[in-house]
Amino acid sequence: MIIDCHTHWGMVWQERDRGDPRRWLAVLDRHLINRAFVFGHANLDRLDHCREDNELLRRLSDASQERILPIGTVWLQMGAEAVNEARRCIEQLGMKGLKFHPWLQGASVTSPVMDDICRLGAEYRAPIFFHDGTPCYSLSEQIAGLALRFPQTDIVLAHSGLLWNWRSALLYADLPNLWFCLCGVTLRAMEIMARTVPPTRLLWGSDFGFGLADTIAYRLELARRACIPDPTRELMMGANAQRWLESR
Amino acid sequence: MVIDAYCALGVDREYDLVAERLLDEMDKAAVDRAVVAPIDRNLTVRNREGNDYILEAAAKHPRRFIPACSVNPWFGDEAIQEMRRAIASGSRMLVLHPLVQGFVADDELVFPIIGEASAERIPIYIHTGPPGNATPWQVAGLSRRFPAADFIMGHCGATDFWNDVVAAVRSVENCSIEASLARPFGFASFVEQLGEAKGVMGSFAPLNDLVLEWEQMRQVLPPERFPGVYGGNLARLLEKRAPL
């Protein structure tokens with residue numbers, strides 16, 4: 001069982017395939033990936049595409065027999081409407097969680113609207129994924145700070161600090177509601193994190209789908225070659241995400 | 001000649017690469033030669049210790065390793081003297097790592113070192129990427145100021161300065177891009193946009209798996225179509241000082 005916890009329905013895919021996920025899913029098939037958490041792209045790029053892209057993700061999921069696990073987004077600049085849209089994503093669109101890309105979306109996670117979103121996440125037990133590893137709004141420690149302030153909310157570092165910020169991420173590995181998606185770190189950082197973070201809070205992701213290139217092959221091979229105990233790798237590659245889905 | 005443009009040789013924290021293992025991995029990946037550079041601690045402090053370690057390893061394997069040196073610009077004149085000594089002893093490339101060494105890449109602090117490296121006709125490899133003190137445009141700025149120097153933009157600003165790479169490199173004549181950390185699928189796109197002559201393949205072992213990096217890169221940039229990326233482009237820069 002492999003669950004990819006970091007993918008996108010990229011704008012280039014939408015432009016080419018017009019809401020038909022078959023070719024996108026074929027890439028997952030090539031690598032024997034069972035399911036994937038899928039974030040948008042247009043909705044992270046433009047506020048005015050937010051609602052329609054959230055709805056598109058729902059339709060993609062329906063067309064995939066639920067292999068696509070849709071994750072919506074809102075823009076903190078929307079104020080109270082952001083909270084309403086987040087609630088709609090979870091209640092009406094049946095989304096599994098929310099995703100924020102604070103540097104792309106241009107908003108600090110210290111916004112009071114983010115506080116309301118975190119409370120919503122706790123209320124519905126919906127995880128909140130964050131791009132992390134990038135200044136000035138998406139540093140791993142800034143995101144981990146949310147996990148510290150909202151202990152009932154599951155917060156996912158969707159890159160686990162990327163290439164240089166992962167040591168800061170590790171400093172918060174003791175927080176039971178902070179999850180580490182190993183997506184974009186080096187092989188060596190992956191090995192160190194797998195030794196340091198409790199294995200039950202490790203996830204794996206490929207970042208596939210922003211462009212048309214197959215990024216899964218490389219990132220899957222990285223996870224396979226990393227010096228990680230097999231039981232930990234099994235949890236990271238799918239068992240943790242599966243358990244998470246079953247608990248909701 | 002197939003050359004890996006960047007491997008960090010030594011043991012400390014996440015680094016655990018010794019000569020024998022590197023040679024073994026190079027053989028597995030069909031890599032003829034590798035540029036070897038000091039580990040982070042020796043980029044930052046005790047530069048001479050790191051440079052000597054690299055020079056000794058290269059002296060033992062002169063047909064396989066190409067030694068790079070580093071000095072921390074904060075050491076001022078002492079850094080210049082150490083760089084001269086290392087180059088006179090055989091170093092063929094200067095490595096700067098602004099994040100680790102604690103300066104902004106285009107700070108005037110580094111100008112004397114770059115001037116010296118340029119005069120010695122060795123290429124200057126600069127680690128780039130977040131948080132923001134080693135960006136593609138900072139390297140482009142240095143390239144403009146020192147048009148006779150050859151710059152290698154390590155990691156292509158990976159990850160989140162990737163947007164800037166193509167425009168920054170196009171703005172100057174004397175800047176190449178190096179592959180490690182940019183990931184094969186990302187690097188291929190840069191090479192396609194900038195041209196084959198600008199690309200330099202490096203693995204950044206041991207933070208990355210050398211064999212995997214080479215396997216994956218050859219899949220996305222076939223060597224028969226992009227031969228320079230796998231050694232020729234770097235050799236051209238390195239041989240400005242002396243034949244390899």
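**Note on a predicted two-chain model**

1. Chain A has 248 residues and a radius of gyration of 16 Å, which agrees with the value near 18 Å that a compact globule of this length would have. The radius is taken over C-alpha atoms, and the globule rule is 2.2 Å times the number of residues to the power 0.38. Along the principal axes, the C-alpha atoms of chain A fill a box of roughly 45 × 40 × 30 Å.

2. This is a predicted model, in which local features need pLDDT of at least 70 and side-chain atom pairs count only at pLDDT 80 or more, while totals for chains, interfaces and linings use all residues. Residues are numbered from 1 along each chain as its sequence is written, and chains are lettered from A and ligands numbered from 1 in the order in which they are written.

3. Chain A contains 12 helices and 8 strands; helices (H or I, at least four residues) and strands (E, at least two) are DSSP runs numbered from the N terminus. Of its 248 residues, 53% count as buried. A residue is buried if 20 or more other C-beta atoms, placed from the backbone, lie within 10 Å of its own, exposed if 12 or fewer do, and partly exposed in between.

4. Chain B contains 11 helices and 10 strands. Its radius of gyration is 16 Å, close to the 18 Å given by the globule rule for 244 residues, so chain B is as compact as a globular protein of that length. Its C-alpha trace spans about 45 × 40 × 35 Å along the principal axes, and buried residues make up 55% of the chain.

5. Two residues are in contact if their C-beta atoms, placed from the backbone, lie within 7 Å. Among contacts in chain B between residues at least 6 apart in sequence, 72% join residues at least 24 apart; the corresponding share in chain A is 70%.

6. The largest nonpolar core has 163 residues, and those with the most contacts inside it are A:Cys181, B:Val35 and B:Val36. Such a core is a set of buried Ala, Val, Leu, Ile, Met, Phe, Trp, Tyr and Cys residues joined through C-beta atoms within 7 Å. Beyond its neighbours within four places in sequence, B:Val35 is in contact with residues including B:Ile3, B:Tyr6, B:Ile66 and B:Met93.

7. Helix H3 of chain B (residues 47–60) has 14 residues and reaches 20 Å from its first C-alpha to its last, close to the 20 Å expected at 1.5 Å a residue; the expected span is 1.5 Å times one less than the number of residues. Its buried residues are B:Asn47, B:Gly50, B:Asn51, B:Ile54, B:Leu55 and B:Ala58. They cover an arc of only 130 degrees around the axis, which puts them on the same side of H3(B); the arc is that of the directions from the helix axis to the C-beta atoms. The face turned away carries the exposed residues B:Glu49, B:Glu56, B:Ala59 and B:Lys60. The buried residues of H3(B) pack against strand S4 (33–37), helix H2 (40–44), strand S5 (65–70) and helix H4 (77–88) of chain B.

8. B:Asp150 is found in the loop between helix H7 (136–145) and strand S8 (151–154) of chain B. B:Asp150 is buried, with 22 other C-beta atoms within 10 Å. Leaving out residues up to four places away in sequence, B:Asp150 touches B:Pro123, B:Ile124, B:Asn174 and B:Leu237.

9. At the interface, 16 residues of chain A are in contact with 19 residues of chain B. H11(A) gives the most to the chain A side, with 4 residues.
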